[in-house]
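Thanks for coming, everyone. I'll take a few minutes on one structure, its ligand and its pockets. Let's bring it up.

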Amino acid sequence: MAIVTHATQPFPGQQPGTSGLRKKVTVFQQPNYLENFVQALFDSLDGTAGQTLVLGGDGRFHNRVAVQTILRMAAAQGFGRVLVGRGGILSTPAVSGVIRKHAAYGGIVLSASHNPGGPDGDFGIKYNVGNGGPAPEKVTEAVYARTRTITAWRASDAAVPDIDRLGRARLEQMDVEVIDPVADYAALMRECFDFDAIRRLFASGFRVRCDAMCAVGGPYAKAILEGELGAPAGTVVNGEPLEDFGGHHPDPNPVNAEDLIAKMAAPDAPDFGCATDGDADRNMIVGRDFPVAPSDSLALLAAHARKLPRYAGGLAGIARSMPTSQAADRVAQALGIPCHETPTGWKFFGNLLDAGRVTLCGEESYGTGSDHVREKDGLWAVLAWLNILAATGSSVEALVRAHWAQYGRNYYSRHDYEAIDSARAQELMAALRAQLPALKGQSLDGRVVELADDFAYTDPVDGSVATKQGVRIIFAGGSRIVFRLSGTGTEGATLRVYLEKYEPEVARQSEPTQQALAPLIAIAGRLARIAEFSGRTAPSVVT
Ligand code: VG1
Ligand code: CO
């Protein structure tokens with residue numbers, strides 16, 4: 001068998017976004033498309049000879065084809081070993097954990113995460129570095145630069161070993177080790193949480209509905225919740241990963257997980273509801289008729305972290321993405337620890353975690369995690385909640401309301417205008433930016449603008465700078481409006497408008513969220529001329 005060099009030509013637009021390269025499946029199916037990107041990645045890595053690579057994906061359509069191709073290319077690149085999840089399956093947090101546990105060089109995650117799948121859906125590829133986290137921008141930029149000059153890719157022409165059977169085989173000089181996708185991850189969860197306490201909670205009759213959205217979280221949730229923790233069979237629903245996610249949008253928010261929201265609002269609702277996304281790094285937590293805002297979830301986990309074995313010694317710090325609400329900041333302040341504000345995307349948390357500056361991280365987009373891996377982790381968040389509920393004997397709603405009473409409530413919502421015209425979206429942002437210098441000190445509907453800028457971030461560890469990370473308008477008293485364009489969509493542009501209002505008074509903490517935020521929503525629409533630029537009179541998704 002031989003290593004064969006295939007001539008190719010660059011494809012435009014192979015630029016990784018917020019989290020890897022995401023395109024329609026049909027784009028990835030073009031000859032050389034995936035190969036070019038993977039070769040560009042390999043070309044920009046140093047010293048891969050003899051090293052270990054981790055490989056797996058969320059099982060969406062095209063996953064298997066891509067795994068086979070990448071195995072052949074990794075053999076040509078001279079990797080010593082590839083650890084591949086059985087059936088090509090590994091959740092994003094599991095990849096991160098496996099890279100760390102086995103001191104791998106890095107890993108490749110095949111997923112477009114929360115984007116829909118299937119032949120007409122999306123596919124994606126993401127590279128994680130040796131700390132287990134998403135490649136920082138200097139790596140993704142080097143890969144993108146290479147995709148623009150690439151002329152050839154290399155692969156073994158040998159048959160790829162069976163990836164459905166655990167064990168070790170050879171491909172050229174490389175070992176292909178097919179691993180149980182769940183084992184290492186489950187071991188890590190046992191170190192983080194008090195499994196006995198959660199077992200007792202289930203034994204007491206506590207009922208959970210865990211919706212894996214026909215995505216990769218299913219096998220993990222089944223093995224851990226039903227297998228280890230004694231939750232009754234049927235606790236995990238939609239637990240088989242399907243290539244098209246059953247035609248659903250595997251994004252755990254109240255809009256896409258409406259079935260879970262309905263079940264949790266029914267008279268016989270379980271005590272706790274949760275959902276995970278396509279690659280199982282996101283989570284949604286729902287109490288009885290009580291969805292928890294992700295920003296609140298981060299703040300609450302931080303406030304109760306000492307009840308969780310891994311975090312019993314306290315937290316070094318917290319980090320949240322800029323658009324995430326400031327609820328966590330208040331907890332950090334009370335704990336006397338720093339709270340870092342980073343651009344959107346988990347890659348910006350990596351340095352802070354590696355440097356030991358933060359222990360918990362979170363994003364408003366249903367992402368929460370900690371220093372146990374370098375990705376957000378859906379099932380980790382679910383288990384953290386269950387552990388806290390077991391330790392406090394409280395309901396979800398009671399816990400959240402007690403949190404608000406102590407720290408105040410940050411009313412929060414995100415409005416998405418999806419698949420709008422890209423050029424018009426750019427114009428909208430440009431027009432907003434042009435207004436920024438004049439906004440400071442102005443009063444908008446009686447609210448004084450304290451700060452108006454385009455968020456820029458200097459990484460405190462390596463000094464790298466990220467600019468244009470979102471327009472933010474901060475009012476006296478802490479209310480905020482943030483505007484940014486999505487970096488994960490595959491159709492036109494998506495405008496995200498993030499709205500936040502702080503309310504310290506318990507008596508005023510029970511208003512419907514959209515009502516509480518209505519004055520800010522009106523200001524946002526007017527300032528950004530959303531209807532005019534987007535051609536829409538209402539957002540397509542409100543979370
Ligand atoms: C979105 C979210 C962001 C998240 C990213 C990847 O990015 O807003 O918080 O990190 O998705 O999540 P954007 O650029 O579309 O706003 V995952 O679960 O899709 O990889
Ligand atoms: Co995801």
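Predicted model: local features only at pLDDT ≥ 70, side-chain atom pairs only at ≥ 80, totals over all residues.

Now, how far is aspartate 180 from serine 486? Their C-alpha atoms are separated by 34 Å, and the two residues are 306 apart along the chain. Serine 486 takes us to the largest pocket, as one of the residues nearest its centre.

That pocket has a volume of about 1000 Å³. Its lining counts 35 residues. Gly17, Thr18, Leu485 and Gly487 are also among those nearest the centre. Several elements each give at least two lining residues, including strand E2, helix H5 and helix H15. Strands E25, 480-485, and E26, 493-503, do too. By class, the lining has eight nonpolar, 19 polar and eight charged residues.

On to the ligand. Where does ligand 1 sit? In the largest cavity. Around it are 20 residues, and the closest are Thr18, Ser113, His114, Thr488 and Arg496. The shell splits into 10 polar and 10 charged residues, with no nonpolar ones.

Arginine 22 brings a polar side-chain atom to 2.9 Å from one. Lysine 376 also has a polar side-chain atom 2.9 Å from a ligand oxygen. Glycine 487 uses its backbone instead: an N or O atom there lies 2.6 Å from an oxygen of the ligand.

Last stop, the second largest pocket. Its volume is about 540 Å³. It is lined by 26 residues, with Pro291, Ala293, Arg409, Tyr412 and Thr513 nearest the centre. Which element gives the largest share of this lining? Strand E19, with six residues. Helices H10, H14 and H16 and strand E14 each supply at least two. By class, this lining has 14 nonpolar, five polar and seven charged residues.

That's the tour. Questions welcome.

Methods:
Residues numbered from 1 in each chain as written. Chains lettered and ligands numbered in written order. Heavy atoms only, no water. Near = heavy atom within 4 Å. Polar contact = N/O pair within 3.5 Å; in protein donor to acceptor, adjacent residues only side chain to side chain. 1 Å grid on protein atoms, 1.4 Å probe; cavity = no way out; pocket = protein on both sides within 12 Å on 5 of 7 lines; lining within 4 Å. Sits in = over half its atoms within 2 Å of the grid points. Nonpolar A, V, L, I, M, F, W, Y, C, P; charged D, E, K, R; others polar. Points joined across faces, edges and corners; volume = space filled by probe spheres on them. Helix = DSSP H or I, 4+ residues; strand = E, 2+ residues; numbered from the N terminus.
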